[in-house]
Amino acid sequence: MLTSIPWARDLATIADEFADLVCVHDGDNGLTFRTMAGRAARLAHMLHERGLRPGEPVATSLRNSLPAVWATVGLRIAGAGDTPLNASMTEAERRYSIELS
């Protein structure tokens, strides 16, 4: 797992210790600590490979869901400036959020 932020090591430790326990669910489906941490780490690694610099803003547009959780964690592990744009936002709200980032 990438360790560009201090708590990424803590996440790896927790994921190892509680690997098969569900850490988050959306009512119908759940993610184990291992799966969530693995997906987040892969996203962070991919962003670093593509040249993401610490603090660089990255916008996401996801519904409140399991992918939104691991994507948010992955962006933070990568050191990105996470700019979440909820899929239910209006176009004006999205533009405003992007301008602020």
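# Notebook: a predicted chain, entry by entry

**Entry 1. Arg-76.** I started with Arg-76, which is partly exposed at a relative accessible area of 45%. Arg-76 sits in helix α3. I then looked for its partner. The side chain of Arg-76 meets that of Asp-82 in a salt bridge, 3.9 Å from N to O. For a salt bridge I require a side-chain nitrogen of Lys or Arg within 4 Å of a carboxyl oxygen of Asp or Glu.

**Entry 2. Ground rules.** I note that this is a predicted model, where local features need pLDDT of at least 70, side-chain atom pairs count only at pLDDT 80 or more, and totals for chains, interfaces and linings use all residues. Residues are numbered from 1 along each chain as its sequence is written, and side-chain values use heavy atoms, with hydrogens and water left out.

**Entry 3. Confidence.** I looked up pLDDT, the predictor's confidence in each residue, from 0 to 100. The chain has a mean pLDDT of 88. In 94% of its residues the value is 70 or more. Which element has the lowest mean pLDDT? It is α1, at 82. Strand β2, residues 30–32, has the highest, at 95.

**Entry 4. Layout.** I found four helices and four strands. Both kinds are DSSP runs numbered from the N terminus: helices are H or I with at least four residues, strands are E with at least two. Along the sequence the pattern reads α-β-β-α-β-α-β-α. The C-alpha trace spans about 45 × 35 × 20 Å along its principal axes. The chain has 101 residues, and 34% of them count as buried.

**Entry 5. The core.** Next I looked inside. The largest nonpolar core holds 21 residues. A nonpolar core here is a set of buried Ala, Val, Leu, Ile, Met, Phe, Trp, Tyr and Cys residues joined through side-chain atoms within 4.5 Å. Leu-11, Leu-47, Leu-52, Val-73 and Ile-77 have the most contacts inside this core. Three helices, α1, α2 (33–49) and α3 (66–78), each supply at least two of its residues. Which helix gives the most? It is α2, with seven residues.

**Entry 6. Phe-18.** I moved to the loop between α1 (6–17) and β1 (22–25), where Phe-18 lies. Is Phe-18 buried or partly exposed? Its relative accessible area is 33%, so Phe-18 counts as partly exposed. Phe-18 also belongs to a nonpolar surface patch with Ile-14 and Leu-21. Together the three have about 250 Å² of accessible area. Areas come from the Shrake-Rupley method with a 1.4 Å probe, and for residues only the protein chains shown count as cover. Patch members have over 30% relative accessible area and no salt bridge; like charges are joined within 9 Å, nonpolar side chains (Val, Leu, Ile, Met, Phe, Trp, Tyr) within 5 Å.

**Entry 7. The aromatic pair.** I found one aromatic pair in the structure. Phe-18 and Phe-33 form this pair, 6.0 Å centre to centre with 45° between the planes, and the pair is tilted. My cut-offs: rings of Phe, Tyr and Trp (its six-membered ring) pair if their centres lie within 6.5 Å; planes under 30 degrees apart are stacked, over 60 edge-to-face, the rest tilted. The pair links distant parts of the chain, from the α1–β1 loop with Phe-18 to helix α2 with Phe-33, 15 residues apart.

**Entry 8. The other salt bridge.** How many salt bridges does the whole structure hold? A search finds two. Besides the bridge of Arg-76, I noted one between Arg-34 and Asp-20, with the closest N and O atoms 2.9 Å apart. Arg-34 is in helix α2 and Asp-20 in the loop between α1 and β1, 14 residues apart. Arg-34 is partly exposed, at 48% relative accessible area, whereas Asp-20 is exposed, at 56%.

**Entry 9. Two last look-ups.** Glu-17 is in helix α1 and is exposed, at 59%. Its C-alpha lies 9.2 Å from that of Arg-34, 17 residues away along the chain. Gly-27 is in the loop between β1 and β2. At 60% relative accessibility, Gly-27 is exposed. From Gly-27 to Ser-65 I have 9.7 Å between C-alpha atoms, at 38 residues apart along the chain.

Definitions and conventions
Buried < 20%, exposed > 50% of the residue type's maximum accessible area, 1.4 Å probe, protein only.
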